[in-house]
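Student: I have a new structure to look at. Can you walk me through it?

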Amino acid sequence: MFKKVRLEVGVVFAIGLSFNALTYFVSGRLPEMPLGVPAFLGTAISILLSFKMSQSYERWWEARKIWGSIVNDSRTLVVQLQSYLSTEYREVIAEIGHRQIAWCYALGDSLRGLNPLTRDTGCLRVEDISKLSKHQNKPLALVQQQALSIKSLAEQGALDVFCRVQLDKTLVRLVDSMGRAERINTTVFPVTYRLFLHAAIYLFLITLSIAIQDVHAIFEIPLLVLIAALFFLVDKTAYNLQDPFRNRPSDIPVTAIARTIEINIRQLLGEESWPEPAKPKTFFIL
Amino acid sequence: MFKKVRLEVGVVFAIGLSFNALTYFVSGRLPEMPLGVPAFLGTAISILLSFKMSQSYERWWEARKIWGSIVNDSRTLVVQLQSYLSTEYREVIAEIGHRQIAWCYALGDSLRGLNPLTRDTGCLRVEDISKLSKHQNKPLALVQQQALSIKSLAEQGALDVFCRVQLDKTLVRLVDSMGRAERINTTVFPVTYRLFLHAAIYLFLITLSIAIQDVHAIFEIPLLVLIAALFFLVDKTAYNLQDPFRNRPSDIPVTAIARTIEINIRQLLGEESWPEPAKPKTFFIL
Amino acid sequence: MFKKVRLEVGVVFAIGLSFNALTYFVSGRLPEMPLGVPAFLGTAISILLSFKMSQSYERWWEARKIWGSIVNDSRTLVVQLQSYLSTEYREVIAEIGHRQIAWCYALGDSLRGLNPLTRDTGCLRVEDISKLSKHQNKPLALVQQQALSIKSLAEQGALDVFCRVQLDKTLVRLVDSMGRAERINTTVFPVTYRLFLHAAIYLFLITLSIAIQDVHAIFEIPLLVLIAALFFLVDKTAYNLQDPFRNRPSDIPVTAIARTIEINIRQLLGEESWPEPAKPKTFFIL
Amino acid sequence: MFKKVRLEVGVVFAIGLSFNALTYFVSGRLPEMPLGVPAFLGTAISILLSFKMSQSYERWWEARKIWGSIVNDSRTLVVQLQSYLSTEYREVIAEIGHRQIAWCYALGDSLRGLNPLTRDTGCLRVEDISKLSKHQNKPLALVQQQALSIKSLAEQGALDVFCRVQLDKTLVRLVDSMGRAERINTTVFPVTYRLFLHAAIYLFLITLSIAIQDVHAIFEIPLLVLIAALFFLVDKTAYNLQDPFRNRPSDIPVTAIARTIEINIRQLLGEESWPEPAKPKTFFIL
Amino acid sequence: MFKKVRLEVGVVFAIGLSFNALTYFVSGRLPEMPLGVPAFLGTAISILLSFKMSQSYERWWEARKIWGSIVNDSRTLVVQLQSYLSTEYREVIAEIGHRQIAWCYALGDSLRGLNPLTRDTGCLRVEDISKLSKHQNKPLALVQQQALSIKSLAEQGALDVFCRVQLDKTLVRLVDSMGRAERINTTVFPVTYRLFLHAAIYLFLITLSIAIQDVHAIFEIPLLVLIAALFFLVDKTAYNLQDPFRNRPSDIPVTAIARTIEINIRQLLGEESWPEPAKPKTFFIL
C-alpha cells in the first residue's frame, strides 16, 4: 500500500532528515516556527482534502449507480420482451437478449479503452459483428441494432405500438446510462486543485519539521513520515476513486457486473448453462 | 455498547498505561510533544470521520428509501389491478397480490444472504415455487412470473393495452428498486479509507498520551480511553450503517416492512385476517 | 427556550461549581489540563453536530417537500378532472375533490398518530366513512376509493382511456408521497450517535472547566453554562427537526397545508364558501 | 454594505471599547482568558455558519431552478401547440401563449406578495381577467383557464388525444413549479438556529476582547470590528439568500425572467414586436 | 499559473515586507498578536472557501451533466427516427440529424456569447438559416424547426402518433437541457461572498505577519506569500469553475462535445466521412 506513495514519503523522509541535520549544525540559525502555523495548515489541508475525497467518492458512486441502472434495464428489457411477445418469438427474444449481454461487455471494454471486438462473448451473430467494424462507438452501434430489431418486430405486427414504445423507453434509458458513463470517463477532474493540495502538504510538512525540531530525530522523523503518508494516501485514494474505469483495483467491476447480467438474462431466457459468477474480491485495495 | 470497541479501547488503555509507566521510569527521556500535534490530528480525524459518517448514512438512508419505494409500488400495483380489472378477476388480483407479498419477503431474505425458499409465507402457489428452484435470483424470477400473469390477462382481453402499460411501469420500478438494493449490498465501501482512519486515530492517541504525560495517570488514562472510545464508536456506527442488509440491529428492518406490505395488501384485497404488525424496537442500538 | 435544556444546563452548572469549589480546597491537586484538549474536543463536537444538524434538516425539508407535492398533485387532480370530463360530471368531480381534501386531513392526522375519523371535515359521504372503519391505514383506503371512482367513470365511458391513465399517474404520485411521509415518520434516526454526542459534550465541559480553573468563578460558570447551552440547544434543534410529524412547534404544519389545499380545491370547483387560511405563526420556536 | 450590519457592528465597537476602558481602570481584576476559548468558539461558529450558508444557498438555487423550469415549460408549451395544431388554430395558440406570459408575471408578483391584477401585461383578454377576481390564488386560476382552453380544443377535435396528454403533462409540470416556489416562499427557516448563532458570535467577541486585552486599543478595536463584521455579513448573506422572493437585490429576478419568457414566446409566435430584455445588473449586492 | 494571482500575491509581498521593515524600525511598538488569532481566521477561511469551492464545482459539474444529456438525447433522436420511420424517409432523417448537429454547435456558441450564424457547420439548409435571422435565441428557433419537421412527418402519415409523442419527449428534454445551461450561464453567483472572503484573507495575512514578526524575514516573506498564493489560487479555481461557458481553459468543452455528437450522428446515419474528434487537452490548467 505504501508503495503507491513511496516517492512522496521518500521526499518527506529527506526533508525531515535534512532539517534535523541542520538543527545540529546550524542550531540557533533556524527560524523559530510557532506550532500554530503548521497546525492551522494541517486543518486547512484536511478541509480541502475532505472536499476532494467527497467529490471523488461521488464520481465513483455515480459510476456504480450507472452500472446498477444498466443491470436493471437489461433485466427489464428481457422481461418486457417476454411479456409483450407471444411464445413463437422465442428466438428473436434470445437474439436480443444475447445482444444485450454483448452490449454490456462491449460498454465495459470501451470505457476501459479496450477494443470490444477482441472479446469473444459468443453472444453476437456474425452479421452483427461485421456491421460493427465501421463504427467508432461500438456500444452505440449495438443499441442501434437493438432499435432496428424492435422496429422489425413492430413491422411484422408482432408488437403492439404501445408495448413498442415501452421497449423504446428502456433503450433510451440504456443510451442514457452509456452516455453518463462516458461523461465520467472523459471529464478531467480539475488537476490544479490537486497541485495546490500537494504544495500545501509540502509546505505543512516543512513548517512542521521546523516547528518540532526540538523533538528528538528518532521520534520526529517517524511522526513526520506517518502524517505525510496519511495525507498522501487519502489523496491517492481520492485520485483513484475519481476515475472509476481505468483497469485499477478500485475500478467499478464492469466485467463482473456484465457477467451477472449474462447469468440473469440466460436464466430469464430459460437456458440450461451460464457462466460462473465472478468471485468477489475478498480484500479491496485502493 | 462498549463491547463493540473493546479491542480498540483495550489497546488504548495499554498505550496510555505504558506511556505513563515510561514517564516514571525514563522521565526526561521521553520526547517533548507539543499539544498542537495531537490537537491538529484530532481535528483532521474529525473531518475525515465526518465524511465517512456522512457517506455511510447516505447508503443507509438510500436503502431505506428503496424499501419505501417498494412499499409504495406494491400498494400501487394492487390498487391499479383493482382499478383496471372488472370484479370477476378478483382471484387473479389476489394471486398477484399474494405473489407481491412473497416477493417482498424473498427480496429481504435474498439481500441478507438467506434462502428465500425456506420461509413459508403461504403466499405462493405450489407451481410458482417449483419454477423458482432453477433460478439463482429468486426475486427476479418472481417478477418474471408477475409479468407473465399480466401478459396472460392481456391475452385474455381483460386488460386494456394502456392500462397494461401502466402495470408494466410499476413492475419496472420494482425491478429498479430490487437492483438498487442489490447494488448497495454488493458494493464494497473502499476499505483502505477505514485503515487510514484507524492508523490516524492510533497516531493521535500516541501523540496525545505523550503530550499530556504530565497530567496524573488517574486523570490521563480515563481521558485517553474516553476520547478513543468516542472516535472508535463513531467509526463503528459508520461501519454498521454502510451495509444495511447484514442481520444487524442497525439494519433496514426488511422483514417488518414486508409485514407492513402484507397487511396493506391483504386489507386492500378485502381479506378478513392479516398478521400483526412487527413491534417497533423501542431502543435502537447500533 | 432554555426550558428545553434545563436539565443539561443544570448538570453543567453543578459541574462548573464543583470544580471551582475543588480548586479552592484542593488547589494544587487538580490536574493541569492544557486548554488544547477541550479546544480540540470542541472542534470535533462542532463537526459531528454539524453533520447531525445537516441530516435532521434534510429529513425536515424532505417532509416539507413531500407535502408540497401533495399540494401540487391535489390541485392537479381537480384541474385534470375538470379538463377531461364534460360539465355534466360536475358532481362527481366535486365528490372526488372533497375526498381529496379529506385524504389530506386524514394523512396529516394519521402521521401524527391521531385517529383521522375523529375529525369532521364534512368532505366525506357517509358510505365512504363506513368503508374506512375496517382499514388500519385510512389514507390508503381513501386512495383506493379515489381509484374506484375513476374506474367507475371509465366504465361509464365518461373518461377516455388515455386521460384515465393520466389521472392514474396522479394517484400513483399521491401514494408515493404518502409512503415517503410514512417512511420519514417510522424510521428511527440512529440514537447512538446522539448518545456519543452528549458524552462528548460532557467530556468537553469537564476538561474545559479544569482547564480554565484559574479564571474566576464569576466568569467561569457563566461561560461554561453559555457554551453548554449553545451545544445542547443546537442538538435539541436537530432532534426536533428530525421527526417532523410529532405535534411539536417545529413540525411541518400539515393541518395548515391541508387547509390551503381545501381552499384551492373549493375555489377550483367554483364553490362559494371556504375556510379561512390558517394563520401563519409569526414566531417560530423550535 | 456595512449599513446592513451597522447595529451589530456598533454593539461590537461598544463592547471592545468598554473592555479596553475596563483594562485601564480595573487592570488586574479582569479575568485571564486563554486565547484558546475564543479560538475554539470561532471555529465552531464557522462550522455552524457554513451549514447555514449552505442551506440558504440551496434554497436560493432551488428557487432559481424552479424559474428555469418555468422558462423551459413555457417554451415547450408553445412549441408543442404549434407542432400539434394545424395552422388554422394560430389565434388560439397566440391566446394560450399570451396567457402563459401573463401567468409568469402573475406568479412572480404573487410570490412577492403583490396583487398580480395591478400589472397590465396586455396579455389577458377581458373575460379572463374578470374570472380571476373571485380567486385568491390567481396563477392557479390561470392554469385552470389554460387547461380549459386545451379541453375546448380537444372537444373541437383539433387535438389528438395523445398530443393532448402531452400538453397536459406540460401543465402538470407548471403546476409543480408553482407549488414548489410557493413552498420555498411560505416555509419559515428555523429561526432559533440564527438566534443561537448570534448568541455564539457575541460570546465569541466578548471572550476574544478579554483574551486580547493586552493588545493596544488602536489595534484591538478595528480587529474586533472587522472579525465581527465578517461573521455578521456572512450571516446576513445567508439570511437574504434563504428567502428569494422578497423584493430584495439578492432575489431571484422573477420579472426579468418573465420578460425573457415573453420575448421567447412572442418570437416563437412570429410576432413583430417584443419588449427589451431586462438589463442585467452589473453589480450584484446582497 | 501564478500569473493569475499576481496582483494579490504582490500585495501580500508588500504587506509582509512593510511589516518586517516596521519590526526593525519601531520594534517594540508593534502590537503583540497571539498566533491564535490568525490561526482561527485561517480555519474559518478554509471552511468558507471549502463551501465556495463546493458550490462552484457543483455548477461546473451540473453544466457537464447537461451537455452529457445533450449527447444522449441527440443520439436518441436519431436512433428513434431510424426506428420509427421506414427507410424511404432516409433523407428527412438525415436532415433532422444534421439540424441536430447544428443545434449543438449553435447552443455552444450562444452560451459563450458568440453569434452562432458565423460558424459554418455545413449542416443547415439555406432556408433554415434564413428563418433564423429574425430570432434572438437561435437554438430555440432550431428546436422549433425540429418540431415542425416532425409535425410535417406526422401530417404525411409517416409517423405513428405514439412514436411521434416519443420524439416530442426527446425534444422536450433538449429544450430542458438548453434552458438549464442558460440558467447556469445567466445566474450571477452572489459576489459579496467573494468580497468577504478576500477581506478575510487579507485580515488573516496582516494578523499572521504581525504574529510571526519574530521569524526572520527570509523565512517569513516566502511563508506568507505561499500561504496567500494557496488561498488565492483555490479561490481563483472556484471562481473559474463557477462560470463554465466563458471561453476559459476550465470551460466545459462545448465545441469538442458538439464534435463528438457530429461524429456519432454521422456514423448512425451511415455516412462515409466525419470530422476528427477534438484532441483532448493533455494538461488541464484552470
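Tutor: What follows covers the copies, some helix packing and one database record.

Tutor: This is a predicted model, in which local features need pLDDT of at least 70, side-chain atom pairs count only at pLDDT 80 or more, and totals for chains, interfaces and linings use all residues. Residues are numbered from 1 along each chain as its sequence is written, chains are lettered from A and ligands numbered from 1 in the order in which they are written, and side-chain values use heavy atoms, with hydrogens and water left out.

Student: What about chain B on chain A?

Tutor: Chain B goes onto chain A by a turn of 72 degrees and a shift of 0.0 Å along the axis, with an RMSD of 0.0 Å.

Student: Switching to helices. At what angle do α3(C) and α5(C) pack?

Tutor: About 165 degrees, with their axes 9 Å apart. Axes are lines fitted to C-alpha atoms, for helices over the stretch in contact, and angles run from 0 to 180 degrees between N-to-C directions. α3(C) and α5(C) are therefore roughly antiparallel, a label for angles over 145 degrees. Helices here are DSSP runs (H or I, at least four residues), numbered from the N terminus.

Student: Which residues make that contact?

Tutor: Among them are Trp103(C) and Leu107(C) of α3(C), and Leu142(C) and Leu153(C) of α5(C). By class, the contact of α3(C) with α5(C) has 10 nonpolar, five polar and two charged residues. Ala, Val, Leu, Ile, Met, Phe, Trp, Tyr, Cys and Pro count as nonpolar, Asp, Glu, Lys and Arg as charged, and the others, Gly among them, as polar.

Student: How far apart are the axes of α5(C) and α6(C)?

Tutor: They are 11 Å apart, at an angle of about 180 degrees. Residues of α5(C) including Val143(C) and Ile150(C) meet residues of α6(C) including Leu171(C) and Met178(C).

Student: Where does UniProt list a transmembrane region in chain A?

Tutor: The unreviewed entry lists residues 7-27, 33-51, 191-211 and 217-234. Such annotations may be inferred rather than shown by experiment. In the model, residues 191-211 of chain A are 100% helix, and residues 33-51 are 84% helix.

Notes. Helix = DSSP H or I, 4+ residues; strand = E, 2+ residues; numbered from the N terminus. Contact = heavy atoms within 4.5 Å. Parallel < 35°, antiparallel > 145°, perpendicular 65-115°, else oblique. Least-squares fit on C-alpha atoms with pLDDT ≥ 70 in both.
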